[in-house]
Amino acid sequence: HSNREMWFKHFFPPNVCPIDAKANTFYGIMFDAGSTGTRIHIYTFVQKSPENLPELEGEIFESVKPGLSAYADQPEKGAESVKRLLDMAIEAVPPHLWKKTPVVLKATAGLRLLSEEKAQALLLEVREVFEESPFLVPEDSVSIMDGSYEGQLSGQNQHTVGTLDLGGASTQITFLPRFEETLKETPGDFLTSFEMFNSTYKLYTHSYLGFGLKAARLATLGALNVEAVDGQMFRSSCLPKQLEAEWHFGGVKYQYGGNKEGETGFKPCYLEVLKVVKGKLHQPDEIRGSSFYAFSYYYDRAVDTNLIDYEQGGVLEVKDFERKAKEVCDNMERYNSASPFLCMDLTYITALLKEGFGFRDNTLLQLTKKVNNIETSWTLGATFHLLQSLGITH
Ligand SMILES: Nc1ccn([C@@H]2O[C@H](COP(=O)(O)OP(=O)(O)O)[C@@H](O)[C@H]2O)c(=O)n1
Ligand SMILES: [Ca+2]
């Protein structure tokens with residue numbers, strides 16, 4: 001619309017101006033099909049004028065468990081879980097905007113670990129659910145995402161230069177390098193360029209498949225990429241001595257337990273976990289002392305052990321995770337009520353941060369679930385990009 005049509009909008013406060021609201025509000029529906037759950041993000045954007053970027057106005061968020069990969073052998077059931085979430089969008093988006101509201105699903109690490117055939121069958125069923133909905137279904141609306149897009153950047157605090165995300169199957173690190181040196185010593189496929197205000201920026205972002213918390217459990221147990229797991233017992237010094245149990249992940253059943261006779265506790269556990277991370281990740285020098293935002297399982301495990309409050313989040317040092325790991329691992333029987341993997345998880349987080357990425361003991365981590373009441377997720381950037389590429393916003 002031209003400025004002529006909108007001359008009257010200055011007489012109304014923005015939220016009572018009916019035409020303004022209609023002409024400038026856009027919705028975007030983004031599904032995050034993660035390895036442990038499926039989530040819907042329904043974003044509302046408002047574009048105040050054609051020359052400004054659209055602003056995020058709000059988000060509706062819901063999630064279900066388990067993730068799509070758990071339906072590897074029942075793709076219709078998997079698609080049904082998506083449909084139930086999509087029904088929320090039918091309620092949330094005004095009917096006259098349905099046709100203009102794109103719906104997209106991007107699967108992350110969990111589906112990357114399934115066979116091509118099973119993954120495609122799932123995606124096909126989901127695509128059908130989308131086609132039957134009243135929303136705009138772009139080409140490629142259902143896909144497996146390249147890991148590097150999961151990185152996200154937050155600019156809340158000048159000294160916080162990057163983000164860390166720990167999923168079930170993969171983990172991501174993203175930051176804006178400040179030194180030429182970092183760009184020089186970084187593998188090319190860890191860098192992506194983007195344009196903003198007529199300048200080109202280089203972003204360091206990488207997704208490590210197999211280094212998510214749950215994949216790391218299997219790796220520590222020696223059960224990742226093992227051919228025959230049937231009847232095999234995987235043991236670890238990171239688990240309670242007497243424990244023997246079963247665990248289902250990615251459609252496979254694993255039997256695992258504690259070191260009945262051998263050692264348990266932080267020290268032997270750390271050595272076990274070290275084998276999984278040491279020398280496996282790229283360590284950019286400049287991040288050692290920088291502070292990072294940390295999401296997902298970093299957040300969840302910090303909440304589980306009272307390091308932070310669930311609602312508030314908080315700031316931690318890397319060594320806080322180590323202190324807690326020692327406390328839990330060296331008193332394993334006492335912590336039995338929580339997950340039997342708590343010691344292993346905290347030890348892995350400690351090793352990942354210190355030996356994997358190369359952070360210092362006193363590196364600060366800002367643990368956050370929401371920023372300005374919006375779920376922190378790669379989905380926001382992806383939706384923004386989608387609306388622009390479809391020409392829905394400018
Ligand atoms: N919107 C979201 C998405 C995931 N998560 C967390 O991310 C972790 C699981 O990661 P995921 O299921 O996305 O696994 P990947 O597919 O990323 O490996 C859990 O700690 C979730 O609670 C979150 O806190 N908020
Ligand atoms: Ca994720």
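**Stop 1: Ser 143**

Select Ser 143, which lies in strand S5 (helices, H or I of at least four residues, and strands, E of at least two, are DSSP runs numbered from the N terminus). You are looking at a predicted model, in which local features need pLDDT of at least 70, side-chain atom pairs count only at pLDDT 80 or more, and totals for chains, interfaces and linings use all residues. Residues are numbered from 1 along each chain as its sequence is written, chains are lettered from A and ligands numbered from 1 in the order in which they are written, and side-chain values use heavy atoms, with hydrogens and water left out.

Is Ser 143 buried or exposed? Its relative accessible area is 17%, so Ser 143 is buried (buried means under 20% relative accessible area, exposed over 50%, and partly exposed in between, with a 1.4 Å probe and protein chains only). Now show what surrounds Ser 143: leaving aside neighbours within four places in sequence, it is in contact with Leu 105, Lys 106, Ala 107 and Leu 123 (contact means heavy atoms within 4.5 Å). Lys 106 is the residue that stands opposite Ser 143 in S5.

**Stop 2**

Next, select strand S4, residues 103-107, which pairs with S5 in the parallel sense over three bridges (two strands pair if DSSP finds at least two bridges between them). Strands of a sheet pair through backbone hydrogen bonds, either parallel or antiparallel.

In what order do the five strands run? The order is S3-S2-S1-S4-S5, in an open sheet with mixed pairing. At the edges you will find strand S3 (55-64) and strand S5 (142-144), each pairing on one side only. Neighbouring strands here are turned by 20 degrees against each other on average, direction ignored (axes are lines fitted to C-alpha atoms, for helices over the stretch in contact, and angles run from 0 to 180 degrees between N-to-C directions).

Helix H2 (residues 75-92) lies across strand S1 (25-33), strand S2 (38-46), S3 and S4, and runs at about 20 degrees to S2. Helix H11 (residues 378-389) also packs on the sheet, where it touches S1, S2, S3 and S4; the direction of H11 makes about 130 degrees with that of S1.

**Stop 3: an annotated stretch**

Select Gly 168, Ala 169, Ser 170, Thr 171 and Gln 172, which carry the UniProt annotation "binding site" from an unreviewed entry (UniProt positions are given in the numbering used here, feature names are shortened, and annotations may be inferred rather than shown by experiment).

Start with Gly 168, in the loop between strand S6 (160-166) and strand S7 (170-175). Gly 168 has 5% relative accessibility and so counts as buried. Not counting residues up to four places away in sequence, Gly 168 touches several residues, among them Ser 35, Thr 36, Phe 249 and Tyr 297.

Then click on Ala 169, also found in the loop between S6 and S7. Ala 169 is buried, with a relative accessible area of 1%. Beyond neighbours within four places in sequence, the contacts of Ala 169 include Ser 35, Ala 109, Tyr 208 and Phe 211.

**Stop 4: the three-stranded sheet**

Move on to the open sheet with the order S10-S12-S11 and mixed pairing. Strand S10 (233-236) and strand S11 (244-249) stand at its edges with a single partner strand each, so one side of each has no neighbour in the sheet. On average, neighbouring strands of this sheet are turned by 35 degrees against each other, direction ignored. Helix H6 (residues 213-221) packs on this sheet and touches S10, S11 and S12, its direction making about 130 degrees with that of S11.

Colour S10 and strand S12 (residues 252-258) to see a parallel pairing over four bridges. Within it, Ser 236 has Gly 258 in S12 as its bridge partner.

**Stop 5: the disulfides**

How many disulfides are there? The count is two (a disulfide is a pair of cysteine sulfur atoms within 2.5 Å).

- Show Cys 238 and Cys 269, whose sulfur atoms are 2.1 Å apart. The torsion about their S-S bond is about 105 degrees, so this disulfide is right-handed. Cys 238 is in the loop between S10 and S11 and Cys 269 in helix H7 (residues 266-277), 31 residues apart.
- Show Cys 329 and Cys 343, also with sulfur atoms 2.1 Å apart. Cys 329 lies in helix H9 (residues 318-329) and Cys 343 in helix H10 (residues 342-356), so the pair ties together parts 14 residues apart in sequence.
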